[in-house]
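Let us walk through this protein together. Keep the model open and find each residue as it comes up.

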Amino acid sequence: MNGSSTRSGPALRIPRTIFSEEHHAYRDMVRKFIAAEVTPFMAQWEEAGQTPREIWLKAGAAGILGASLSEAYGGSGGDFLFDAVLLEELGRAGAAAPAWDLHSHIVMPYIGRYGTEAQKQHWLPKMASGEAIASIGMTEPNSGSDVQGVRTSAVRDGDHYVVNGSKTFITNGIIGDLIMLVVKTAPELGARGISLLLVDTSTPGYRKGRNLKKVGNKAQDTAELFFDDMRVPVSARLGEENAGWQMLMSELVQERLIVAVRAMAICEQALESTTDYTKSRKAFGRSVFEFQNTRFKLADMATETQIGRVFMDRCIEMHARGELDMHTAAMAKVWTTELQDRVLDACVQLHGGNGYMWEYPIARAWADARVHRIYAGTNEIMREIIGRQL
Ligand SMILES: Cc1cc2nc3c(=O)[nH]c(=O)nc-3n(C[C@H](O)[C@H](O)[C@H](O)COP(=O)(O)OP(=O)(O)OC[C@H]3O[C@@H](n4cnc5c(N)ncnc54)[C@H](O)[C@@H]3O)c2cc1C
């Protein structure tokens, strides 16, 4: 068995069958790339509060940023399973940054699906090469879960929109070259008055605020942004005017699934590394693993992680065929991210004091992953979505 099945260690016995030889080869390449180009620099990037352009260009050159993008726009033309491989490897390596998921698996698909030919030609090749870093600007100081409450306005003035307002918590907001901005073009229409604009961040009127200090994921910049009479050409609008809400809804399945894919990989890695740690750590003359409490805790984690893996592989497979629905994607996000928090909390505990030390990957994973229950729609919103369909 190749790739992730062996990496899941002896705890998970059900073979993974969704990947082809090409996916396994891609996984090997990605794993080596992360080990050589990401992991050694993580502490440095955490200190800086952002990732350097150089790593984006290297990832672009390695074919990591456009694995599932059409070859016509500089990608490799692969399926979603390639995206899943990258997310799993980032999760296993504890690489919460760079935010390649947001760049390649959220913004890129919007442009690929709804962009005009000119927009695709302008942005996609540069995104695939790492020359253009993308972000998405939805959340505002007074509207997060309630996207309909967005107040940033875009008022038509000839062949431009004049944009005023602010956003917060924007991943890649500091280092980004492109922001897919959620604006109100017809405030009186509520959700039906939302439009999406592809804004070059060098546009006059685009102003960066603080790079916010976070509990985890410290190498990823998370910004406040302000827009003061920012003039954006009408040709930069994605899709039709006031059609933003439908576009946002259509892409949420993937946005939620990718969080779940990463969360599941984090569970596997935490289980594996904590099992190893407890076998090597001694207390009262024996290994920590030999205490029944430890084995019971690990057994519970192994059982739930195995169950989660089977469910997730089915979701990944269905999504690659375009068959995963909003309801199931919400279930995947809720269940895996809550499993992830149970597993990580128990793993920190089994590491004792070392589990609370930043230099230990388990401590970082615990802090980094907490946000998974909050972004891409909070888990409470996921439960609303699931409940509504019952
Ligand atoms: C590290 C990080 C990165 C982020 N990156 C981005 C980004 O790149 N772009 C972007 O646009 N946003 C980003 N966000 C924002 C994120 O999407 C929001 O924080 C999230 O959607 C929640 O919104 P909120 O913070 O306003 O919380 P609120 O909406 O104020 O929610 C507060 C609480 O109320 C609950 N709640 C709200 N509504 C309901 C309801 N109807 N039923 C039950 N409970 C409810 C929530 O679940 C939550 O527990 C990021 C956030 C973080 C922390």
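The buried residues of H12 pack against H8 and helix H10 (326–350). This is a predicted model, in which local features need pLDDT of at least 70 and side-chain atom pairs count only at pLDDT 80 or more, while totals for chains, interfaces and linings use all residues. Residues are numbered from 1 along each chain as its sequence is written, and side-chain values use heavy atoms, with hydrogens and water left out.

Look at helix H12 itself, residues 379–388. Helices here are DSSP runs (H or I, at least four residues), strands are DSSP runs too (E, at least two), and both are numbered from the N terminus. Which residues of H12 are buried? They are Asn-379, Met-382, Ile-385 and Ile-386. Buried means under 20% relative accessible area, exposed means over 50%, and partly exposed is in between (1.4 Å probe, protein chains only). The four cover an arc of only 110° around the axis, so they sit on the same side of H12. That arc is taken from the directions from the helix axis to the C-beta atoms. Glu-380 and Arg-388 are exposed on the other side of H12.

Now turn to the largest nonpolar core. It has 106 residues. A nonpolar core is a set of buried Ala, Val, Leu, Ile, Met, Phe, Trp, Tyr and Cys residues joined through side-chain atoms within 4.5 Å. In soluble globular proteins, nonpolar side chains tend to be buried together. Val-38, Trp-100, Tyr-110, Met-127, Val-163 and Met-180 touch the most other members of this core. Helix H8 (residues 244–280) gives the largest share, twelve residues. Another core lies apart from it and has five residues, including Val-334, Met-382, Ile-385 and Ile-386.

Take Tyr-110 next. What does it contact, leaving aside neighbours within four places in sequence? Its partners are Gly-115, Ile-136, Met-180, Leu-196, Leu-238, Met-247, Leu-248 and Glu-251. Contact means heavy atoms within 4.5 Å.

Glu-251 comes up again with Arg-113. Arg-113 lies in helix H6 (residues 100–114). At 51% relative accessibility, Arg-113 counts as exposed. Not counting residues up to four places away in sequence, Arg-113 touches Ser-250 and Glu-251.

Finally, the charged pairs. How many salt bridges does the structure hold? There are 28. In a salt bridge, a side-chain nitrogen of Lys or Arg is within 4 Å of a carboxyl oxygen of Asp or Glu. Arg-92 and Glu-88 form one of them (4.0 Å, N to O). They are four residues apart in helix H5 (residues 80–93), so about one helical turn separates them. Both Arg-92 and Glu-88 are buried.

Lys-167 and Glu-140 form a salt bridge too (2.8 Å, N to O). Lys-167 lies in strand S3 (residues 160–171) and Glu-140 in the loop between strand S1 (134–137) and strand S2 (153–157), so the pair ties together parts that are 27 residues apart in sequence. Lys-167 and Glu-140 are both buried.
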